[in-house]
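Here is a short briefing on one protein chain. Look at the sequence and the 3D view, then work through the points below.

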Amino acid sequence: IIVASKAEQAMTSAILRAVSDNKINAAIITGHGESQISAFTNLLEKNNFEITNTSLLTQDIPENSDIAILAAPLRDLSADEVKKLSSFLEDNENGSKTLLFIAAHDQPSMPNLEGFLKEWDITFEEGVVFETDSNYLISTSPFSPIVNYVDEEFAKPFISRQLPVLIP
């Protein structure tokens, strides 16, 4: 039996909301069959983010948004929607505007979105990543490797042979 409490997380979030007037505004882009990310948005809200849903078909990303989140769309963005994303990122005088794009392994080809992302040096290709060294597998699946920390200084607090970090 595992017994756990989220009391510390809840109290820390409540204190953060009480003492900080600064909320980070996140616009969740909708209208393209995006993945449901309610657990992620709940986590953001608990950490003092203000969440709004934004359809680029009918509106611009709100000016007060610090981050726009596009979560694994299934349909391509139109040229006008891409312009709205570009405007959001280019209107970035203090460097605070961010786009979080979440790709999916099964997403179809989306020429407009892919062209936009390429302008920002973001590309992806079809394929899979898998481990070929059985010393780093926790099971017989090459798609469930354990972490091999190369940088000793970074790895020091995480290394544990009894509790390996699995990256499926």
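Is Lys23 buried, partly exposed or exposed? Lys23 is partly exposed, with a relative accessible area of 38%. Keep in mind that this is a predicted model.

**Overall layout**
- The protein has 5 helices and 4 strands.
- Read from the N terminus, the order of elements is α-β-α-β-β-α-β-α-α.
- The protein has 168 residues, and 27% of them count as buried.
- Take the contacts between residues at least 6 apart in sequence: 65% of these join residues at least 24 apart.

**Salt bridges**
- The count of salt bridges is 2.
- Glu50 is partly exposed, at 35% relative accessibility.
- Lys84 and Asp60 also form a salt bridge, and their closest N and O atoms are 3.9 Å apart.
- This pair links distant parts of the chain, 24 residues apart: Lys84 is in helix α3 (residues 79–90), while Asp60 is in the loop between β2 and β3 (67–71).
- Asp60 has a relative accessible area of 53%, so Asp60 counts as exposed, for which the cut-off is over 50%.

**Nonpolar cores**
- The largest nonpolar core holds 16 residues.
- The residues with the most contacts inside this core are Ile29, Ile61, Leu77, Leu85, Leu113 and Phe116.
- β1, β3, α3 and α4 are the elements that give two or more residues to this core.
- Helix α3 gives the most, with 4 residues.
- A second, separate core has 9 residues, including Ile37, Phe49, Ile51 and Ile69.

**Two residues and their contacts**
- Set aside neighbours within four places in sequence, and Ile61 is in contact with Ala27, Ile29, Thr54, Leu56, Ala68, Lys84, Leu85 and Phe88.
- Leu99 is found in strand β4 (residues 98–102).
- With neighbours within four places in sequence left aside, Leu99 is in contact with Ala68, Leu70, Leu85, Leu89, Phe116 and Leu117.
- Leu99 and Ala68 are 31 residues apart along the chain, and their C-alpha atoms are separated by 4.8 Å.

**The largest pocket**
- The largest pocket contains about 450 Å³ of space.
- The pocket is lined by 14 residues, and the closest to its centre are Ala104, His105, Glu125, Glu126 and Gly127.
- By class, the lining has 6 nonpolar, 4 polar and 4 charged residues.

- Where is Ile122? Ile122 lies in the loop between α4 (111–119) and α5 (152–155).
- Ile122 is partly exposed, at 39% relative accessibility.
- Ile122 and Phe101 are 21 residues apart along the chain, and 9.7 Å separates their C-alpha atoms.

Methods:
Residues numbered from 1 in each chain as written. Predicted model: local features only at pLDDT ≥ 70, side-chain atom pairs only at ≥ 80, totals over all residues. Heavy atoms only, no water. Salt bridge = Lys/Arg side-chain N within 4 Å of Asp/Glu carboxyl O. Buried < 20%, exposed > 50% of the residue type's maximum accessible area, 1.4 Å probe, protein only. 1 Å grid on protein atoms, 1.4 Å probe; cavity = no way out; pocket = protein on both sides within 12 Å on 5 of 7 lines; lining within 4 Å. Points joined across faces, edges and corners; volume = space filled by probe spheres on them. Nonpolar A, V, L, I, M, F, W, Y, C, P; charged D, E, K, R; others polar. Core = buried A, V, L, I, M, F, W, Y, C linked by side-chain atoms within 4.5 Å. Contact = heavy atoms within 4.5 Å.
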